Amino acid sequence: MKHIAIVAFDEISMFHLSVPLAVFADAIPDCDNYFSTTVCAERKGRVSVSGGLDLFVSHTFDELSNADIIIIPSWPPTKQIDVSLKEHLQHAKANNKLIVGLCLGAYALAYSGLLDGKRATTHWKFSHDFRQRFPDVDLDTNPLFVVHENIITSAGSAAAIDCCLHIVKSVYGVKFANQIARMMVSPPSRTGGQNQFIDSPVVHRPSDTRLAKLVDTFQGDLSTSLSVGQAANLCSMSVRSFTRHFKANYGTSFITWQILMRLNASLELLESSDASIATISETIGFSSEQVFRKHFKAQFDCSPQAWRRLFNNK
């Protein structure tokens with residue numbers, strides 16, 4: 001079981017606080033033995049929430065010492081962090097605990113010095129302010145979240161869901177993360193402007209029935225290889241119209257989407273079966289094992305065998 005400590009503060013957004021609680025507690029199927037969650041604050045007692053609500057928090061920052069994962073779900077950009085919180089974060093970093101700054105929570109990590117010289121992200125609206133305050137941080141506001149060593153930062157509010165699902169995936173595997181995503185009626189993860197370990201395709205049915213039929217056809221047999229021209233014909237569109245419609249629905253090109261779909265399918269096969277890498281590659285439609293390995297390494301920053309060793313026995 002992994003213990004998660006979530007930091008609260010006065011005027012915190014209820015949405016920001018509720019995302020990690022939903023992912024790591026409320027949506028966990030048969031919730032025993034996976035995660036335990038604790039909300040903590042500088043002092044025990046009343047914590048105000050934006051919108052006029054109040055919470056009663058029973059734990060102080062001392063709880064951070066017991067955590068495997070520390071999550072700061074947001075932070076006031078102009079507020080320096082408490083000395084006690086800073087010391088706890090620096091101690092957690094030194095002990096290789098996972099530290100997460102969701103959305104503006106990256107400010108707290110930056111104020112603590114944990115992001116100096118590291119790549120990070122935060123809400124795009126605050127990029128100019130963040131760069132001015134923390135010039136030593138390599139800020140990239142394109143990804144939904146960034147993983148750098150044992151520190152993760154995420155973009156704006158909804159990206160916190162993607163980030164938390166990634167943490168579940170990294171601890172218990174893609175199958176378990178997908179179960180939680182289904183419980184939350186959320187995609188397992190989203191494409192869109194990122195090319196890093198955390199990308200997986202969004203699997204949803206578009207409102208355009210022609211695209212929906214195409215998606216069903218491809219999902220029914222991942223070994224089917226469709227060119228853009230063939231896909232456009234299936235949708236009774238010109239190539240130009242199809243390309244525009246598909247990207248509007250999925251945020252990426254049809255070819256890239258096919259690769260991501262296949263890679264996502266390979267994760268569960270690697271975790272749940274003993275099939276050889278060559279067999280998996282053929283099953284999911286890659287032209288060769290070498291091509292599969294190349295795309296897998298580029299997407300997840302590890303080999304298929306390494307992924308299998310990490311998750312196959314979980």
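Modeller: Let's start with Cys-103, which counts as buried at 3% relative accessibility (buried is under 20% relative accessible area, exposed over 50%, partly exposed in between, with a 1.4 Å probe and protein chains only). Keep in mind that this is a predicted model, where local features need pLDDT of at least 70, side-chain atom pairs count only at pLDDT 80 or more, and totals for chains, interfaces and linings use all residues. Residues are numbered from 1 along each chain as its sequence is written, and side-chain values use heavy atoms, leaving out hydrogens and water.

Cys-103 sits in the loop between β7 (98–101) and α3 (105–111) (helices are DSSP runs of H or I with at least four residues, strands are runs of E with at least two, numbered from the N terminus). What is the phi of Cys-103? It is near 55 degrees, a positive value in a residue other than glycine. Most residues other than glycine have a negative phi.

Ser-236 has a positive phi as well, about 55 degrees, and is not a glycine either. You'll find Ser-236 in the loop between α8 (228–234) and α9. Cys-103 is buried, whereas Ser-236 is exposed, with a relative accessible area of 63%.

Two other loop residues are worth a stop. Phe-61 is in the loop between β5 (59–60) and β6 (69–72), and it is buried at 5% relative accessible area. Setting aside residues up to four places away in sequence, Phe-61 touches Val-7, Cys-40, Ala-41, Glu-42, Asp-82, Ser-84, Leu-85 and His-88 (contact means heavy atoms within 4.5 Å). Ala-41 is 20 residues from Phe-61 in sequence, yet their C-alpha atoms are 5.7 Å apart.

Gly-285 is in the loop between α11 (277–283) and α12 (289–300) and is buried too, at 12% relative accessibility. Leaving out neighbours within four places in sequence, Gly-285 contacts Leu-222, Ser-223, Ser-225 and Arg-262. From Gly-285 to Leu-222 is 63 residues in sequence but 5.6 Å in space, C-alpha to C-alpha.

Back to α9, this time for its packing. Helix α7 (residues 209–220) and helix α9 (residues 239–250) pack at about 80 degrees, with axes 11 Å apart. That makes α7 roughly perpendicular to α9 (65 to 115 degrees counts as roughly perpendicular, under 35 as roughly parallel, over 145 as roughly antiparallel and the rest as oblique). On the α7 side, Arg-210, Leu-211, Leu-214 and Val-215 make the contact, while α9 brings Phe-242, His-245, Phe-246, Asn-249 and Tyr-250.

Arg-309 is exposed, with a relative accessible area of 64%, and its C-alpha lies 24 Å from that of Val-146.

Now zoom out. The chain has 13 helices and 11 strands, and its C-alpha trace spans about 60 × 40 × 35 Å along the principal axes. Buried residues make up 50% of the 314 residues. Of the contacts between residues at least 6 apart in sequence, 62% join residues at least 24 apart.

Notes:
Axes are lines fitted to C-alpha atoms, for helices over the stretch in contact, and angles run from 0 to 180 degrees between N-to-C directions.
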